Structures are given as C-alpha cells and as structure tokens.
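The following paragraphs lead through one protein structure, from its overall form to selected residues. Please keep the sequence and the model in view while reading.

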Amino acid sequence: MPLVYDIRSQQNVASLEKPIFADTNVLFNIFYDQMALVRNPAYEAKSAYRQAIASMLDAEKPLYLFSLVLAELENVFVKNDHAIFNRASSEKMDLKSFRAFPSEMSARQKRYDMIYRQIKANPLFPCLDVPFSCNAVFQFVESLDKQAMDTNDFVIASLCAQQNGILMTDDKDYASSVTPCDLMTCNPQLLSAAQASGFALVTC
C-alpha cells in the first residue's frame with residue numbers, strides 16, 4: 001500500500017530511511033518566496049516544506065532533485081512572472097514576447113544563476129540525471145481516465161518510484177490510485193485525496 005506522509009508536525013522527517021525527492025512546486029515555494037519583496041500568505045502557509053528541508057539538512061540527509069524538476073522550475077518561474085507583469089501592466093504581452101524581453105532575460109539569468117549556484121554548492125542537494133523511458137509516457141496515456149497528473153508529474157512520480165523514494169509535493173493531482181510512489185506533503189487537500197485513493201497516512 002502506498003504511503004502519504006503528513007509533515008505538518010515536523011517530528012521525524014530527517015529520520016526516514018527512504019530517499020526524499022523534491023517536486024517542482026516545493027522548490028518554487030522555497031526559492032520564489034525568497035526573492036519576493038512582499039511576503040505572500042499563500043507561501044507562508046507552506047512553510048512546513050522549508051522547515052522539513054532545514055531539519056533534513058541539519059541531519060545531513062540529502063534532498064534529491066531530478067534534472068527534469070530543475071528544467072520545469074524555470075518554466076514555472078517565467079509563467080508566474082509573466083502573469084504578474086500582465087496584471088500590473090496596461091500593455092499585455094504574450095508569454096513568448098515576455099520571455100524574449102531584454103530586461104526580463106537579464107533578470108531571469110541572474111535569478112537562475114543564484115538558485116542553481118546554491119544547489120550546486122551544496123552536496124546535500126544531489127541532482128540525479130535519471131533517464132526515463134517511453135514506457136512511462138505510454139503508461140501515462142493509458143491511465144488518463146484514472147488520474148489528473150500532467151505528463152511531467154507522472155514521469156517525476158515514476159522516476160521517484162524507480163529510486164524507491166518519497167516525493168515531497170504540494171500538488172494534489174498526485175492523489176491517484178496509479179501514482180507509483182509514496183508522497184510527503186503539508187497540503188490537507190492532498191492528504192485527504194490521497195487517503196481516499198488508497199494511500200495509508202503516516203504522521204512524521
């Protein structure tokens with residue numbers, strides 16, 4: 001039976017034996033909020049991820065990353081910046097034009113350089129170049145009527161399962177009977193949906 005770990009109490013995350021992998025949304029919540037000029041209550045509500053990761057690093061337990069997650073992180077950042085720009089500007093811009101805007105290109109390069117230097121400099125953030133097969137994509141298509149994940153989510157979960165790992169995520173789309181790996185979250189909606197999908201709850 002798959003497991004879903006509730007990390008809101010923050011007691012034993014670092015003591016878990018299985019490797020823990022970060023989903024894109026967890027990295028986004030950590031790094032995007034770091035650079036915000038105004039604190040966002042939506043990010044503050046997810047501080048359990050920062051606390052869990054801090055306890056892992058204090059105990060020298062690695063937080064594993066997939067190269068696919070790092071690649072996806074850039075897309076999430078730029079889409080969020082684009083949405084903020086269009087909300088604040090009277091002149092709307094499509095995503096491709098925004099991505100090619102000179103000042104945005106420069107700011108984006110500096111931002112990602114800062115983030116990736118932090119990751120590369122810390123041996124407790126190992127990045128795994130794990131390939132995935134076409135079968136993972138075929139399995140995703142075959143399960144479309146049973147789950148709400150997008151292709152990247154399904155592949156990330158499959159890679160995590162290959163490593164016998166736990167996926168730390170805030171995305172309730174992972175709550176599915178076909179999700180192949182254990183989950184870790186502070187999201188009450190994901191906790192409830194995962195249990196309804198057959199996951200056993202573990203408080204840590």
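Residues 24 or more positions apart supply 69% of the protein's contacts that have a separation of 6 or more, a contact being heavy atoms within 4.5 Å. The model is a predicted one, in which local features need pLDDT of at least 70 and side-chain atom pairs count only at pLDDT 80 or more, while totals for chains, interfaces and linings use all residues. Residues are numbered from 1 along each chain as its sequence is written, and side-chain values use heavy atoms, with hydrogens and water left out.

Nine helices and seven strands make up the secondary structure of the protein; these are DSSP runs, numbered from the N terminus, with helices (H or I) of at least four residues and strands (E) of at least two. The radius of gyration is 17 Å, close to the 17 Å that the globule rule gives for 204 residues, so the protein is as compact as a globular protein of that length. Here the radius is taken over C-alpha atoms, and the rule is 2.2 Å times the number of residues to the power 0.38. Along the principal axes, the C-alpha atoms fill a box of roughly 50 × 40 × 30 Å.

Of the 204 residues, 44% count as buried, where buried means under 20% relative accessible area, exposed over 50%, and partly exposed in between (1.4 Å probe, protein chains only). The protein exposes about 10500 Å², of which carbon and sulfur atoms supply 55%. Its side chains include 18 positive and 23 negative ones, and the centres of these two sets lie 5 Å apart. In this count Lys and Arg are positive and Asp and Glu negative, with His and the chain ends not counted; each charge is placed at NZ of Lys, CZ of Arg, CG of Asp or CD of Glu.

Several buried residues show how parts of the chain meet. Threonine 24 belongs to helix α1 (residues 24–34) and is buried at 4% relative accessibility. Beyond residues up to four places away in sequence, threonine 24 touches Val69, Glu72, Leu73, Val76 and Ile156. Glutamate 104, in helix α6 (residues 102–121), is likewise buried, at 11%. Apart from neighbours within four places in sequence, its contacts are Val78, Asp81 and Phe98.

Aspartate 170 sits in the loop between β5 (166–168) and β6 (182–185). Valine 141 is 29 residues from aspartate 170 along the chain, and their C-alpha atoms are separated by 23 Å.

Two other loop residues have a positive phi without being glycine. Glutamate 60, between α3 (47–58) and β3 (63–66), has a phi near 60° and is exposed at 63% relative accessibility. Asparagine 164, between α8 (151–162) and β5, has a phi of about 55° and is partly exposed, with a relative accessible area of 47%.

Finally, the cysteines may be considered. How many disulfides does a search of the whole structure find? The search finds zero, a disulfide being a pair of cysteine sulfur atoms within 2.5 Å. For cysteine 127, the nearest cysteine sulfur is that of cysteine 160, 14 Å away. Cysteine 127 is partly exposed at 34%, whereas cysteine 134 counts as exposed at 54%.

Definitions and conventions
Accessible areas come from the Shrake-Rupley method with a 1.4 Å probe; for residues, only the protein chains shown count as cover.
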